[in-house]
Amino acid sequence: MGDHTELFERAAREAARYRATVAQRPVRPAEPKTGFAMPLNEKSLPPGRVLDELIEAAEGGLTASVGPRFFGFVFGGSLPVATAADMMTAAWDQNAFTAIASAAAVAAEEAAGAWLKDLLGIPATASVGFVTGAQGANTVGLAAARHHLLAEAGWDVERDGLYGAPRLPILAGEERHATIDRSLRLLGFGTGILETVPAGPNGAIDVDALARTLNGPAIVVLQAGNVNTGACDDLRQACEVIHAHGGWAHVDGAFGLWAAANPATRHLVDGVELADSWGCDGHKWLNIPYDNGFAFCAKPGVHMAAVAYTASYLLGAGLGEAADLTLESSRRARGFTAWAALRQLGREGVAELVERCCRLARRFADELSRAGFEVANDVVLNQVLVRHEDDAATDRLIEAIQRDGTCWMGGTTWRGHRYMRISVSNADTTESDVDMSVGAIKRLALGSV
Ligand SMILES: *Cc1c(COP(=O)(O)O)cnc(C)c1O
């Protein structure tokens with residue numbers, strides 16, 4: 001097999017060098033240049049040379065989103081212990097399909113899954129599948145909802161599909177995440193079936209409007225953490241009204257479910273335990289590497305009925321194991337990084353991470369409104385919407401910030417106007433990173449009025 005010490009040590013050294021210097025890099029190169037495109041070589045090459053080439057080829061195209069001043073989308077970074085655990089995940093190359101494929105991979109997911117349920121306020125009896133992200137988790141949750149409500153209506157959707165099935169109403173708030181629509185497409189519902197429920201000023205679903213719309217069992221997609229404002233739906237009231245009508249409540253909590261892990265923000269997701277399924281990300285606010293998300297379901301039997309499959313050669317499948325809870329068969333062992341991050345942080349460390357990001361988001365909001373910018377949202381969590389003079393000036397400012405390289409923010413349209421969208425979700429971000437970024441925004445704003 002050979003000795004790979006030199007190769008692996010070189011990779012680890014390069015990883016450490018990158019992470020030690022990432023805060024000094026322009027956050028995103030203004031003119032990304034990569035060196036990958038070349039004709040396929042005829043002859044094999046030594047691995048060490050290829051590793052060097054890989055690092056050089058990627059260098060000019062890397063986004064320093066693992067660094068402390070990337071505030072775009074809701075990315076999150078990667079805790080060093082989780083990165084190290086991911087290196088071991090790659091080295092072990094375990095298939096997390098079943099315990100027969102890897103006892104360690106499945107046991108790590110079970111242990112991390114139990115901790116996650118505890119932290120996120122999800123019942124301990126719920127099932128959890130380790131998926132690629134909230135897109136995957138929402139798809140699993142909605143597949144479970146589809147199975148359950150159609151079974152109650154006397155229809156076997158796994159066997160007979162949706163042609164000729166009883167029509168299931170599907171409702172979601174107008175400020176739902178766009179991935180919900182894709183999940184509905186993939187599940188064969190189509191997006192046209194969606195009944196959109198109005199949202200309040202900060203983007204949370206209007207529960208009274210939801211109650212007025214419901215008139216029987218429906219799939220309802222709720223949200224913890226709106227991508228623009230961070231707003232969370234009133235999960236308690238919404239779940240109560242959905243269940244009174246015999247429906248299924250799915251919570252898209254890609255990042256917002258982490259509010260439950262911090263005593264100071266837990267009230268935002270009060271009633272979270274009442275839902276039927278939940279989607280959450282690990283690679284965002286928990287700061288573990290891509291890709292990692294969690295699909296929880298209050299009814300493990302429904303979860304499995306919706307996504308499990310079996311074949312005669314697949315020993316162990318069909319027993320409520322890893323493969324029965326996700327959309328993939330063979331897949332990466334995602335439990336190792338989640339376990340390592342949670343073990344390092346502990347309950348207090350997770351709470352502190354969430355609280356710190358919220359505090360830094362408020363610091364952004366306070367400093368920028370003091371400097372004369374409009375902050376459009378009620379900063380309840382880690383998301384801030386900031387506006388310059390008008391739409392055009394806001395877009396010019398965002399572009400100038402992205403070119404400048406001190407920090408990186410994206411833009412968004414919220415209630416008809418353009419905003420700079422700031423997400424504080426990286427474990428390495430400090431007050432001085434916020435101050436440096438606010439300084440850059442103020443400096444660049446002068447040139448973009
Ligand atoms: C990011 C996000 C998603 C999609 O998650 P992925 O990790 O990109 O699959 C879904 N919903 C919300 C609210 C999100 O923030």
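In which helix is Thr-179 found? Thr-179 belongs to helix α7, which covers residues 178-186. Helices here are DSSP runs of H or I with at least four residues, strands are runs of E with at least two, and both are numbered from the N terminus.

Before going further, please note that this is a predicted model, in which local features need pLDDT of at least 70, side-chain atom pairs count only at pLDDT 80 or more, and totals for chains, interfaces and linings use all residues. Residues are numbered from 1 along each chain as its sequence is written, and side-chain values use heavy atoms, with hydrogens and water left out.

Is Thr-179 buried or exposed? Its relative accessibility is 16%, so Thr-179 counts as buried. Buried means under 20% relative accessible area, exposed means over 50%, and partly exposed lies in between, using a 1.4 Å probe and protein chains only. Leaving aside residues up to four places away in sequence, Thr-179 touches Gln-135 and Asn-138, where contact means heavy atoms within 4.5 Å. Gln-135 is 44 residues from Thr-179 in sequence, yet their C-alpha atoms are 5.8 Å apart in space.

Now try another pair. Ala-153 sits in the loop between α5 (134-152) and α6 (157-160), and with a relative accessible area of 45% Ala-153 is partly exposed. Ala-153 and Arg-49 are 104 residues apart in sequence and 61 Å apart in space, C-alpha to C-alpha.

## The nonpolar cores

In soluble globular proteins, nonpolar side chains tend to be buried together. A nonpolar core is a set of buried Ala, Val, Leu, Ile, Met, Phe, Trp, Tyr and Cys residues joined through side-chain atoms within 4.5 Å. The largest one in this model has 83 residues, and Leu-222, Trp-258, Phe-294, Phe-364 and Ile-422 have the most contacts inside it. Helix α11 (residues 335-370) gives the most to this core, with 14 residues. A second, separate core has 28 residues, including Leu-149, Leu-187, Val-302 and Ala-306.

You can follow Ile-422 as an example. Not counting residues up to four places away in sequence, Ile-422 touches Phe-71, Phe-364, Leu-368, Asn-382, Gln-383, Val-384, Val-386 and Met-409.

## Helices that pack together

Axes are lines fitted to C-alpha atoms, for helices over the stretch in contact, and angles run from 0 to 180 degrees between N-to-C directions.

| Helix pair | Angle | Distance between axes |
|---|---|---|
| α1 (residues 5-21) and α2 | about 20° | 10 Å |
| α11 and α13 | about 30° | 10 Å |
| α12 (residues 391-404) and α13 (residues 431-446) | about 125° | 9 Å |

Angles under 35 degrees count as roughly parallel, over 145 as roughly antiparallel, 65 to 115 as roughly perpendicular and the rest as oblique. That is why α1 and α2 are roughly parallel to each other, and α11 and α13 are therefore roughly parallel as well. By contrast, α12 and α13 are oblique to each other.

A crossing is left-handed if the near helix is turned anticlockwise from the far one by less than a right angle, and right-handed if clockwise. The crossing is right-handed for α1 and α2, for α11 and α13, and for α12 and α13.

Which residues meet where α12 packs on α13? Leu-397, Ala-400, Ile-401 and Asp-404 of α12 meet Ala-440, Ile-441, Arg-443, Leu-444 and Ala-445 of α13. By class, this contact of α12 with α13 has seven nonpolar, no polar and two charged residues. Here Ala, Val, Leu, Ile, Met, Phe, Trp, Tyr, Cys and Pro count as nonpolar, Asp, Glu, Lys and Arg as charged, and the others, Gly among them, as polar.

Between α1 and α2, Leu-7, Arg-10, Ala-11, Glu-14 and Arg-17 of α1 meet Pro-47, Gly-48, Leu-51, Asp-52, Ile-55 and Glu-59 of α2. This contact of α1 with α2 has five nonpolar, one polar and five charged residues.

## Backbone details in the loops

Tyr-290 and Asp-291 are joined by a cis peptide bond, with omega about -10°, and Asp-291 lies in the loop between β6 (277-281) and β7 (293-297).

Phe-73 is not a glycine, but its phi is positive, at about 45°. You will find Phe-73 in the loop between α2 (47-59) and α3 (80-92). Arg-415, also a residue other than glycine, has a positive phi near 50° and is found in the loop between β10 (410-414) and β11 (417-423).
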